[in-house]
Amino acid sequence: MEGLNISTFSEISLTQLTNCLGIPCPENQEGLVINAACGIGHGRPGSVTFLAQEKYQRLVKNSKASVLITDHGKGKGFPGLVLHVPNAYVAWAQCLELVAKDFSPWVSGIHPEAHVHPSAIIAPNASIGQGVTIEDHVVIHPGVVVYPHCHIGSNSILHANASIGADGFGFAPDPSAKQLWHKIPHIGGVHIGRHVEIGANTCIDRAVVGQTVIGEGTKIDNLCQIGHNVILGEQCIIAAQVAIAGSATIGDGVRIGGQSGIVGHINIGNNVSIGGGSGVTKSIADGQSVMGYPALPVEEFRRNFAASKTRQAK
């Protein structure tokens, strides 16, 4: 899939970027052209990325991006140009503000620049935004909102009031500003594969850059929350009121019981089973079954539970 970890935009010069960030432009680099934004471990020539947390320093040396925005003292080993700033999170937000597209406003109905297959069935009061692609035999029920530049795969079903492509929950703390929380623009999208079903009132947020992905054949119940840049594999089954935080990667064939929560930036392997009401706080290898809070292998959870009952009985 193109654009999984990168978003393109109309080109800007390095001078435009450094002026936006309020820092000097490096000498003899004024004409460097930037036309994409990416995650630190990805990219290509002409893209810009950022580094705020030290734990991602290990990805710097293999990044293919041309420009790195980071805090003073960080970014050692980056093969391209490093821009040091006082607050990398805020600078990244400013960078994305500079390149974010102005989407045409719309209300109920299909935006004239959306691409909808003639076989798709769309409720009259659904909202389909600019640049959205809806493939064949999709069914979209009343009240659904598909924000601009999202993709809905063939034979998928979106139930009432589902939200596809709203901004993720991304805010950079800025102690130096009057408003502490600086909104991070989300310039990516959502890609929903074929034969996916999305329950009523479920929200799937758009990526900061790249795509939030729902894999082919996955079924998501009502009232679920899928955060920005989540990669959800194929043929997964997600029960009601599950919340998956941003940038979590979920493998194929995963089953998640209702009211479970999964923290961001972790990896859940293929064919994992997560019991209802679990709190997943760390990565899980392929084929494991876990439950509880924090989630533990099922047998360990049951031993702990039995032991606690024994202690209570004494």
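What is the volume of the second largest pocket? In this predicted model, the second largest pocket has a volume of about 560 Å³. Its lining comprises 29 residues, and those nearest the centre are His149, Ile187, Gly188, Gly189 and Arg206. At least two lining residues come from each of β1 (6–13), α2 and β18 (189–192). Strand β1 provides the largest share of this lining, with 4 residues.

The largest pocket has a volume of about 1,200 Å³. Of the 39 residues that line the largest pocket, Tyr56, Asn229, Gly246, Ser247 and His265 are the closest to its centre. Two or more lining residues are given by each of β3 (47–51), α2 (88–99) and β16 (171–173). The largest share of the lining of the largest pocket, 3 residues, belongs to β16.

Turning to the strands, an open sheet of 9 strands with parallel pairing runs in the order β6-β9-β12-β15-β20-β23-β26-β29-β32. Its edge strands are β6 (109–110) and β32 (279–280), each of which pairs on one side only. Within the sheet, β23 (residues 225–226) pairs with β26 in the parallel sense over 2 bridges. Gln225 has Ala243 in β26 as its bridge partner.

Most residues other than glycine have a negative phi, and most peptide bonds are trans. Asn201, in the loop between β19 (197–198) and β20 (203–204), has a positive phi near 60 degrees. Asn201 counts as partly exposed because its relative accessibility is 39%, a value between the limits of 20% and 50%. Gln241 lies in the loop between β25 (237–238) and β26 (243–244), and its phi is positive, near 65 degrees. With a relative accessibility of 40%, Gln241 also counts as partly exposed. A cis peptide bond, with omega about -5 degrees, joins Tyr293 and Pro294. Pro294 is located in the loop between β33 (289–291) and β34 (296–297).

Is Thr18 buried or exposed? Thr18, a residue of helix α1 (residues 14–21), has a relative accessible area of 0% and is therefore buried. Apart from neighbours within four places in sequence, Thr18 is in contact with Ile23, Pro24, Cys25, Pro26 and Leu83.

Note on methods
Residues are numbered from 1 along each chain as its sequence is written. This is a predicted model: local features need pLDDT of at least 70, side-chain atom pairs count only at pLDDT 80 or more; totals for chains, interfaces and linings use all residues. Side-chain values use heavy atoms; hydrogens and water are left out. Buried means under 20% relative accessible area, exposed over 50%, partly exposed in between (1.4 Å probe, protein chains only). Two strands pair if DSSP finds at least two bridges between them. Contact means heavy atoms within 4.5 Å. On a 1 Å grid over the protein atoms alone, a cavity is a set of points where a 1.4 Å probe fits but cannot get out, and a pocket is an open set with protein on both sides within 12 Å along at least five of seven lines; lining residues have an atom within 4 Å of a point. Grid points are joined across faces, edges and corners, and a volume is the space filled by probe spheres set on the points.
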